[in-house]
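Subject: Structure handover

Hello,

Here is the structure you will be taking over.

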Amino acid sequence: MRVLVVWCPDWPVVAAGAGLGPCAVLTRSAVVACNEAAREQGIRRGMRRRDAQARCPELVLLDANPDRDVRAFEPVLAAVEALRPGVAPLRPGLLAIKAPGRFYGGEEFAAATIAEKLVGTGIHDVRIGIADDLFSAEQAARLADVQGWRVIERGGSAAFLCALPVDVLDDADLVGLLQRLGLSSLGDLAALPARDVLTRFGAYGAKVHRLARGVDLVQPASRTPPPDLVTEVVFEPAMTSVEAISFSVRRKAEEFIAGLAQHGLVCTALRVEAEGDDAKRSLLSSRSWVHSRWFSAVDVVDRVHWQLQASPSGALVGAPVGLVRFVPEVVEPAAAHADGLWGGGTDELIDRGVARVQAMLGYDAVVVPVRQGGRSPADRQLLVPWGERPSAVRSPDLPWPGSIPSPAPTRVFVEPWATAVIGEGGRPVTVTDRGVLTGVPERFHTGSGSGWQQVQDWAGPWSVSEQWWESSERPGALVARFQIVGVDGSAWLMRCDGDRWWTEAAYE
Amino acid sequence: MSTVQQLQERIRSMQDGVPRQPLPTHPALEGLLQLRTGGAYEVDSAGLAIALLSAPSREGSWSAVVGAADFGVEAAAELGVDLTRTVLVPDPGEHWLEATAALLDVVSVVLLRPPPGVGERTAGRIGARLRKRSATLIAWGRWPGSEARLSVESSHWIGADRGHGRLTDRRLVVSVARGSAPPRRVELELAPGVGLRRYGFRQAQPTDEPLRGVG
């Protein structure tokens, strides 16, 4: 059984999308990977950040992200899988398959085919090694040229390995020990009797000894390719009416959900894509939807309807739709979402009721309130459409200097009412640029249509100079907020920006 | 008197078929008002609406707020409404009735800000749905056929001190009117840290002064 190993060197750097210049990936200020340009400048693995920067000031530093490495390697696995099944990912940047003996006309041609395919997907530094065992194949790949391959002939592993230094073993302690024992090459290690190595180094040493002799014929476990869950609906001819499209995708949506259920999965985040029917298949609309529980077929159809209806022309989509695609972005095991023995409880019911209101009024008509940090009462609340996760929420636990202390107003107006506050002698009360009040408030009206009334009591100002970088009419202007109590006992939160007054909220 | 009440209770429960369960009610209104499933209650201000909403929400009920775009989310959270079990329909427009009916099917308490001029028939239709689904409606505005009407008769804010302080406490007189009976009044206060409670109800305050030996 021959093994083919594909090695993409410096994978963390490739996965981070670095350019051609010197670049290194670091964890805890130590270099874990760097590219060829950085190596030329003397950067090595394990080097400290400041040493690396001293040697190469223009070095681009990137944070290590193992998840990113795995994610970026997935297309490589898929590309190799398309040529030959049974791919075993060893680690990000390194994979093994059984070498095809004859199919591509020999091992070298197979290696050439795989290298060509990977270069086609944008991975330019690919090296391939073929040998009897995995360890030899990996070492062969490390000795191959860029986009090249090295084949160790049958039974030639031991001869190939014996010239290699012990440094190739990825274990610094062991390498140090072997060197101190005077074993500088794998050949020296392989020449020792297996029995003596086992008694001196134990099972681990015996394993390394087998590796060095090229007789460790353990096959890597190949992965099962992930199921293809993406579903497409093609329209012949293309359709423009939202109603017709929604009706036509119904059956495919049911198949899509049933297909997920066959794998024991449910979809909690879904991307709906619509493509035109022109030659280029231009993307008309693409949007991700999340669900508070999981998508049923009806929910999927609803999302298609809302998404296409949101286009400016209303019931007609801007251009004829030739294809609708459902891409499950997050799938979770159905067991994690199973109903209890006595049904799913209230939350399931709530979902249905909310879905009915959404069907009546539109997707974003039903919202969930979230508290967040801010200075004005309107800034301190966030309304998130039902089914979406709140994003960019400012923390309410921060101090927010300039915000109005508790109690919070019970009514917060969406659009502040224009109003007026006057002081002694009917002169309007304003706040100067330095936050000084020009008079004592005496009379006010709220802007709701009720008339003027006397100020019984007032508090403030809480002055804030917010968003001075925004290009508004009065950039950098001071905004002052006041609590004003009328003689009828009503209390209001008013804002004074320059010479104008607004009612922002009410304490009812 | 209690016999009459018991008989009334039995008549009421036989009329609808669905027994009317008591709902958690704000402790400040104890003795004046007991919310029940299937009932509609009328309030005239946001503060009272939130107070009525808070007790069931705190006990774990889902609640919905329909038609109140100016609902103060932070005040609601401060007064005990669980925002994670609250849904808002800020602007239902002309579909307010359908949206309310759909939400009454699934949540326990709906706070509705009805448009002006709701007719008897509309209120009756919602009332039938309320009894069938054992839900409760809190109408922030006029609602024909409500069981009780809560209104703020007078309100007094403390703490502003003409520019030297800030609003902290509030005293308010709330009247609870049932049908044609004369309204009953209660004096409440909104105090920092404790929310709404009966005025004059104070717990023993621990003194800051250390005990001193005498004699």
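How much accessible surface does chain B have, and what percentage of it belongs to carbon and sulfur atoms? The accessible surface of chain B amounts to about 11000 Å², and carbon and sulfur atoms make up 50% of that area. Please keep in mind that this is a predicted model, so every value here is computed from predicted coordinates.

Chain B

Chain B has 215 residues, and 49% of them count as buried. Its secondary structure consists of five helices and nine strands. Read from the N terminus, the order is α-β-α-β-α-β-α-β-α-β-β-β-β-β. Among contacts in chain B with a separation of 6 or more, 58% are between residues 24 or more positions apart.

The largest pocket

The largest pocket holds about 1400 Å³ of space. Its lining is made up of 45 residues. Nearest the centre are Arg45(A), Arg91(A), Glu138(A), Arg142(A) and Asp170(A). By class, the lining has 27 nonpolar, two polar and 16 charged residues.

Which element gives the most to this lining? Helix 6 of chain A does, with six residues. Several elements of chain A supply at least two residues each, among them helix 1 (11-15), strand 3 (30-34), helix 4 (66-83), helix 6 (134-143) and helix 10 (194-213).

The second largest pocket

About 670 Å³ of space lies in the second largest pocket. It is lined by 36 residues, and those closest to its centre are Leu79(B), Leu190(B), Val194(B), Gly195(B) and Leu196(B). The lining divides into 19 nonpolar, 11 polar and six charged residues.

Helix 2 of chain B provides the largest share of this lining, six residues. The elements of chain B that supply at least two residues each include helix 2 (46-58), helix 3 (73-78), strand 6 (148-158), strand 7 (169-177), strand 8 (184-191) and strand 9 (195-198).

Backbone details

Pro237(A) belongs to strand 9 of chain A, which covers residues 231-241. Pro407(A) sits in the loop between strand 14 (381-385) and strand 15 (411-422) of chain A.

Where in chain A is Gln147(A), a residue with positive phi? Gln147(A) is found in the loop between helix 6 and strand 8 (148-151). Its phi is near 60°, although Gln147(A) is not a glycine.

Ser134(B) is placed in the loop between helix 5 (120-133) and strand 5 (136-140) of chain B. With a relative accessible area of 29%, Ser134(B) is partly exposed.

Regards

Key
Residues are numbered from 1 along each chain as its sequence is written. Chains are lettered from A and ligands numbered from 1 in the order in which they are written. This is a predicted model: local features need pLDDT of at least 70, side-chain atom pairs count only at pLDDT 80 or more; totals for chains, interfaces and linings use all residues. Side-chain values use heavy atoms; hydrogens and water are left out. Helices (H or I, at least four residues) and strands (E, at least two) are DSSP runs, numbered from the N terminus. Buried means under 20% relative accessible area, exposed over 50%, partly exposed in between (1.4 Å probe, protein chains only). Contact means heavy atoms within 4.5 Å. Accessible areas come from the Shrake-Rupley method with a 1.4 Å probe; for residues, only the protein chains shown count as cover. On a 1 Å grid over the protein atoms alone, a cavity is a set of points where a 1.4 Å probe fits but cannot get out, and a pocket is an open set with protein on both sides within 12 Å along at least five of seven lines; lining residues have an atom within 4 Å of a point. Grid points are joined across faces, edges and corners, and a volume is the space filled by probe spheres set on the points. Ala, Val, Leu, Ile, Met, Phe, Trp, Tyr, Cys and Pro count as nonpolar, Asp, Glu, Lys and Arg as charged, and the others, Gly among them, as polar.
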